[in-house]
Amino acid sequence: MAETWATLGVDLHLEPTGPGLRRGLTDALREAVRTGRLTPGTRLPSSRSLAADLGIARNTVADAYADLVAEGWLTARQGSGTRVAERVAAPAHPAPARRPAEHARPAYDLRPGTPDLSSFPRTEWLRAARRAVTAAPHGALGYGDGRGRPELRSALAGYLARVRGVRTGAENLLVCGGVAHGLVLLAGVLRARGVHTVAVEAYGLHVHRDLLTRAGLRTIPLPVDGRGADTGALGDAGAVLLTPAHQFPTGVPLHPERRAAVVDWAHRTGGLVLEDDYDGEFRYDRQPVGALQGLDPEHVVYLGTASKSLAPGLRLGWVVLPPSLVGDALDDPASRTPGVLDQLTLAQFLGSGAYDRHVRSARLRYRRRRDALVAALAEHAPDVGVTGIAAGLHAVLQLPPGTEQQVVRAAAWHGLAVHGLSMFRHPHTTVAPRDALVVGYGTPPDHAWTGALDALRRALP
Ligand SMILES: Cc1ncc(COP(=O)(O)O)c(C=O)c1O
């Protein structure tokens, strides 16, 4: 007979009120499983009876269960209820508390942001690393130029000119630890120039907004529509952060009129445009949308990254600066470049053509996945509109009003992690919220792609 919650006698250490209740319950249950107080296979009480026991809302319990199913601590099957997952081994001794990122993974992950790490070109990268280390002069292992290795800066300047239409020489290019690091540097430069306000897209990456806020800058949201960010709403901003080639997360390119308008604004006011070109290489259906920087290298700062094309763990990115700002960026104590051997390896990788080959084959693979996603939705969820698919590694699935959170929960129930569009919404925007899922189709390794699609299909209305 199934055990009841009362006979389990597990002390959940819960605060019975407050906004952190769901999180508190999730943490307490996870801790109980992790430390072995709830053993594998144990059936948990129904959400209704646990809610009654604890005197809290049933939804709070259902949400906590769904979170833990998505993380892999619990399993949920129709007919046999919610149980502690069999594969969660109870440690002999309680382990110290772990950070959320280290918790068990969901079975399938369609959250945007990470490419297919299983297709990282290990053999080619090793070959490039061997060549790079062999050829590096002793002096390359010293502190060196604060902008990064000259070999990499020249290779990037050539590559970006050819592929993205960026206009720069190696002298204005700074190697950094990804777009996030580049933004930290730029925030310092902006503050030093007396800028207080940066306009950002009303839908965007909260990590980037937070970086700016932490650096003492105020962010104001620009409405985002089918033509990208509304560049007519820049107000008194001293700079604007945009994703012009492929708006993140809605997926639309910035309309040519708005591209021209924002460059004109920068020219007129002395404002700075920060162009985040995070996935510019992955464009499928149309001619590539070139970098905005090519229109006005004096007023547009270009930020690029290897996080989508290769892997985010490399922490390799680049900033192309207007010549007048290079000195300011280097003055910043945060301007330390990534390790020199990785820089030299990337320079080799670019120079040998391995980067182009890798991007070409990755583009083909992602395109096939995107097509499979669109076909599966057309067949199983014809009412769900798909947008933002001309480029990048994610698509936006339009949902009926009021259903987003329900679908995210249902997905978790099926072992699938996805993000709703609301997660990316600027807290101060007045644009009407839209219900949608932002589905990253890059992340699952090939063998998990069909399963991920299946779980998504079952979660959709
Ligand atoms: C909008 C956007 N910009 C940039 C990045 C890459 O950032 P980083 O280079 O810091 O890894 C991402 C990755 O998810 C992104 O979504």
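The side chain of threonine 345 reaches the backbone oxygen of leucine 341 at 2.7 Å, a polar contact in the sense of a pair of N or O atoms within 3.5 Å; within protein, one atom must be able to donate a hydrogen and the other to accept it, and residues adjacent in sequence count only if both atoms are side-chain atoms. The structure is a predicted model, in which local features need pLDDT of at least 70 and side-chain atom pairs count only at pLDDT 80 or more, while totals for chains, interfaces and linings use all residues. Residues are numbered from 1 along each chain as its sequence is written, and side-chain values use heavy atoms, with hydrogens and water left out.

Threonine 345 belongs to helix H11 (residues 340-351); helices (H or I, at least four residues) and strands (E, at least two) are DSSP runs numbered from the N terminus. Its relative accessibility is 2%, so threonine 345 counts as buried. Buried means under 20% relative accessible area, exposed over 50%, and partly exposed in between, with a 1.4 Å probe and protein chains only.

**Ligand surroundings**

There are 13 residues around the ligand, and Val179, Asp276, Thr305, Ser307 and Arg315 come nearest; a residue is near a molecule or strand if one of its heavy atoms lies within 4 Å of it. By class, this shell holds 5 nonpolar, 5 polar and 3 charged residues. Here Ala, Val, Leu, Ile, Met, Phe, Trp, Tyr, Cys and Pro count as nonpolar, Asp, Glu, Lys and Arg as charged, and the others, Gly among them, as polar. Helix H7 (residues 178-192) gives the most to the shell, with 3 residues.

Arginine 315 is placed in the loop between strand E11 (300-305) and strand E12 (317-320). Its phi is near 50 degrees, a positive value in a residue other than glycine. With 36% relative accessibility, arginine 315 counts as partly exposed.

**Aromatic pairs and charges over rings**

The whole structure contains 7 aromatic pairs. Rings of Phe, Tyr and Trp (its six-membered ring) pair if their centres lie within 6.5 Å; planes under 30 degrees apart count as stacked, over 60 as edge-to-face and the rest as tilted. One of the pairs joins tyrosine 159 and tyrosine 355 edge-to-face, at 5.1 Å centre to centre and 85 degrees between the planes. Tyrosine 159 lies in helix H6 (residues 150-164) and tyrosine 355 in helix H12 (residues 354-380), so the pair ties together parts that are 196 residues apart in sequence. Both tyrosines are buried, and together with Phe120, Trp125 and Phe349 they form one aromatic cluster.

The charged end of arginine 365 sits over the ring of tyrosine 366, 5.8 Å from its centre. Arginine 434 lies over the face of tyrosine 203, at 5.8 Å from the ring centre. The criterion is that NZ of Lys or CZ of Arg is within 6 Å of the ring centre and within 35 degrees of the ring normal.

**Loop features**

The peptide bond from phenylalanine 248 to proline 249 is cis, with omega near 10 degrees. Proline 249 is found in the loop between strand E9 (239-242) and H9. Glycine 270 occupies the loop between helix H9 (256-269) and strand E10 (272-276), and its 42% relative accessibility makes it partly exposed.
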